[in-house]
Amino acid sequence: MPSFDIESTFDRHEMTNAVDQANKELERRFDFKGIDATFELTENSVDLTAEESFHVDQMFSILVTALTKRKLDVRSLGESTTNRTGRKMTRSYPLKQGIDQPTAKKIIKVIKDAKLKVQASIQGEQVRVTGKKRDDLQEAMALLRGNDEIPVPLTFTNFRD
């Protein structure tokens with residue numbers, strides 16, 4: 001029986017390249033001359049560090065541009081947390097990977113509401129979709145790609161015919 005898996009992942013190497021590209025953009029920008037501002041990619045987050053909140057806001061737009069150029073989805077960044085220590089302000093965006101239970105249930109609901117001839121089931125941090133015809137599975141993929149209600153970027157893997 002044909003099936004595929006729905007996951008929420010991103011390319012770690014491309015994320016590193018996007019952060020490096022954003023750091024190079026900071027060096028070239030005139031409004032950041034003489035300002036100690038950096039992007040840092042840690043194991044689980046992207047950290048933006050600068051002296052003023054205004055600069056951190058500008059840095060976020062630079063990061064979004066770099067992610068978009070690298071074809072990474074901005075939804076892979078979670079809700080930010082801001083920390084101020086002395087003269088430095090750090091805003092940290094956690095990296096989202098895997099599909100949590102509420103999001104998986106939302107994906108299944110979207111598929112069921114479309115009345116497609118496929119079945120979806122939650123398997124850990126991914127959702128498996130099975131159906132009798134390959135065309136039904138491709139229709140389910142197209143439906144999920146066009147849906148903006150799902151708060152994470154979706155990756156379709158393990159397509160079996």
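The paragraphs below lead through the sheet, the helices, the cores and a few single residues of this structure.

This is a predicted model, in which local features need pLDDT of at least 70 and side-chain atom pairs count only at pLDDT 80 or more, while totals for chains, interfaces and linings use all residues. Residues are numbered from 1 along each chain as its sequence is written, and side-chain values use heavy atoms, with hydrogens and water left out.

We begin with the sheet. Helices (H or I, at least four residues) and strands (E, at least two) are DSSP runs, numbered from the N terminus. Four strands form an open sheet in the order S2-S3-S5-S4, and their pairing is antiparallel; two strands are said to pair if DSSP finds at least two bridges between them. At the edges stand S2 and strand S4 (81-85), each of which pairs on one side only. From one strand to the next the twist averages 20°, where axes are lines fitted to C-alpha atoms, for helices over the stretch in contact, and angles run from 0 to 180 degrees between N-to-C directions. Strands of a sheet pair through backbone hydrogen bonds, either parallel or antiparallel.

The pairs can now be followed across the sheet. Strand S2 (residues 38-41) is joined to strand S3 (residues 45-50) by four bridges, and the two form a hairpin with three residues between them, in which Leu41 stands opposite Val46 of S3. S3 in turn pairs with S5 over six bridges in the antiparallel sense; Ser45 has Pro94 of S5 as its bridge partner, and Thr49 has Thr90 of S5. S5 also pairs with S4, again in the antiparallel sense, over five bridges. Here Thr85 stands opposite Lys88 in S5, and the hairpin of S4 and S5 has two residues between the strands, with Gly86 in the turn showing a positive phi of about 60°.

H1 lies across S2 and S3 and runs at about 170° to S2, whereas H2 lies across S2, S3 and S5 and runs at about 140° to S3.

Next come the nonpolar cores, each of which is a set of buried Ala, Val, Leu, Ile, Met, Phe, Trp, Tyr and Cys residues joined through side-chain atoms within 4.5 Å. Buried means under 20% relative accessible area, exposed over 50%, and partly exposed in between (1.4 Å probe, protein chains only). The largest core has 23 residues, of which Phe39, Val46, Leu48, Met59 and Leu63 touch the most other members. Helix H1 (12-28), S3, helix H2 (53-69) and strand S5 (88-94) each supply at least two residues of this core, and its largest share, six residues, comes from H2. Leu63 touches Val19, Phe39, Val46, Leu48 and Leu77, not counting residues up to four places away in sequence, where contact means heavy atoms within 4.5 Å. Apart from this core lies another, of 20 residues, including Ile108, Val118, Val127 and Leu137. In soluble globular proteins, nonpolar side chains tend to be buried together.

Helix H4 (residues 134-145) deserves a separate look. Its 12 residues reach 17 Å from the first C-alpha to the last, close to the 16 Å expected at 1.5 Å a residue, the expected span being 1.5 Å times one less than the number of residues. Which residues of H4 are buried? They are Asp136, Leu137, Ala140, Met141 and Leu144, and they cover an arc of only 145° around the axis, which puts them on the same side of H4; the arc is that of the directions from the helix axis to the C-beta atoms. An α-helix has 3.6 residues a turn, so residues three or four places apart point the same way. On the other side of H4, Asp135 and Arg145 are exposed. The cover over the buried residues of H4 includes strand S1 (3-7), helix H3 (101-113), strand S6 (118-123), strand S7 (126-131) and strand S8 (155-160).

Lys115, in the loop between H3 and S6, has a positive phi of about 55° although it is not a glycine, and Lys115 is exposed, with a relative accessible area of 72%. Asn158, in strand S8, also has a positive phi, near 60°, and is partly exposed, with a relative accessible area of 35%. Ser76 has its place in the loop between H2 and S4, yet Ser76 is buried, with a relative accessible area of 1%. Leaving aside neighbours within four places in sequence, Ser76 is in contact with Phe10, Met15, Pro94, Leu95, Lys96 and Pro153.
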